[in-house]
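This briefing concerns the arrangement of domains, the contacts between them and the pairing of strands. Please consult the sequence and the structure shown here alongside the points that follow.

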Amino acid sequence: MPVLLELDHMTIRFGGLIAVSELNMQVEEGKIGSLIGPNGAGKSTVFNVITGIYTPTRGKVTFKGQNITGLKPYAITSLGIARTFQNIRLFKNLSVLDNVKIGRHCRAGGGIFGALTRHPGIKREEKTIAEKSLSALDLVGLTAKKNEQARNLSYGEQRRLEIARALAAEPVLLLLDEPAAGMNPQEKQTLMQMILNIRQTGVTILLVEHDMKFVMNISDCVDVLDYGCKIASGTPSEVQKDPAVITAYLGKEVG
């Protein structure tokens with residue numbers, strides 16, 4: 001499969017602290033990749049570099065063959081990368097559907113003038129936003145709750161709503177930062193099937209996750225960080241048997 005995302009000797013330094021050092025990593029199109037490691041290993045920092053929140057001190061990020069290093073987050077989103085965050089970031093007083101529509105507005109082009117004048121193009125655009133947002137809700141199983149306030153959803157449903165909002169931007173690459181955090185076993189099973197369904201739509205997925213059973217059951221490939229350095233890369237079965245990974249993180253093989 002062709003390489004969709006590539007990190008080439010990516011290094012980021014905060015003062016005297018090297019958060020990520022000389023990271024080489026690839027995500028192939030159509031795959032589910034995972035980035036794992038102990039707390040403080042640099043995983044979320046990698047996501048922040050990919051999405052333009054941080055600019056690397058050294059190295060580059062390539063997406064679809066284009067160097068995106070240093071681009072602003074909105075520009076990276078427009079190219080086809082969307083993400084969720086560790087902490088839930090919903091508009092709790094808005095409806096489920098309106099939360100997803102907000103994620104879709106990166107594809108809108110009407111601007112302030114169009115919104116004020118309400119010309120036919122804006123009306124067509126709003127219809128498209130609603131349709132795409134409903135499709136995203138359907139993919140995460142929340143269509144029936146589209147009119148509820150986001151605050152009334154269960155914890156697991158709020159996590160899924162965040163994913164729906166990211167999907168509304170029509171990403172080519174979806175970054176999920178600890179999507180299973182805080183979920184019970186049934187919610188994790190639902191999430192796992194949902195991620196597989198998203199992959200079936202043609203979206204490539206890269207996730208950071210601490211639940212190793214979840215990672216090993218869903219991933220095509222796994223990269224492992226420890227103190228900002230990559231210590232292993234391969235299939236789940238290869239990684240979980242790697243002595244360096246067992247020492248640094250897993251403690252034992254994950255079945």
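D177 forms a salt bridge with R83, with the closest N and O atoms 3.4 Å apart; a salt bridge here is a side-chain nitrogen of Lys or Arg within 4 Å of a carboxyl oxygen of Asp or Glu. The model is predicted, so local features need pLDDT of at least 70, side-chain atom pairs count only at pLDDT 80 or more, and totals for chains, interfaces and linings use all residues. Residues are numbered from 1 along each chain as its sequence is written, and side-chain values use heavy atoms, with hydrogens and water left out.

**Domains and their interface**

- The domain assignment gives domain 1 (1–67 + 170–181 + 204–254) and domain 2 (80–169); such bounds come from an automatic or database assignment.
- Contact (heavy atoms within 4.5 Å) involves 18 residues of domain 1 and 17 residues of domain 2.
- About 1,500 Å² is buried between the two domains, and carbon and sulfur atoms give 52% of this area; buried area is the accessible area (1.4 Å probe) that two parts lose on being put together, summed over both.
- E170, L174 and D177 supply 37% of the area that domain 1 buries against domain 2, more than any other three residues.

**Polar links and composition**

- Between domain 1 and domain 2 there are three salt bridges.
- There are also 14 residue pairs in polar contact between the domains, both residues being at pLDDT 80 or more; a polar contact is a pair of N or O atoms within 3.5 Å, where within protein one must be able to donate a hydrogen and the other to accept it, and residues adjacent in sequence count only if both atoms are side-chain atoms.
- Helix 1 (43–50) and strand 7 (173–177) each supply at least two residues of the side of domain 1 that touches domain 2; helices (H or I, at least four residues) and strands (E, at least two) are DSSP runs, numbered from the N terminus.
- Strand 7 provides the largest share of that side, five residues.

- Four strands form an open sheet in the order 2-1-4-5 with antiparallel pairing; two strands pair if DSSP finds at least two bridges between them.
- The edge strands, each pairing on one side only, are strand 2 (17–28) and strand 5 (66–67).
- Strand 1 (residues 3–14) and strand 4 (residues 58–63) run antiparallel and are joined by five bridges.
- T57 lies in the loop between helix 1 and strand 4.
- A polar side-chain atom of T57 lies 2.9 Å from the backbone nitrogen of R13.
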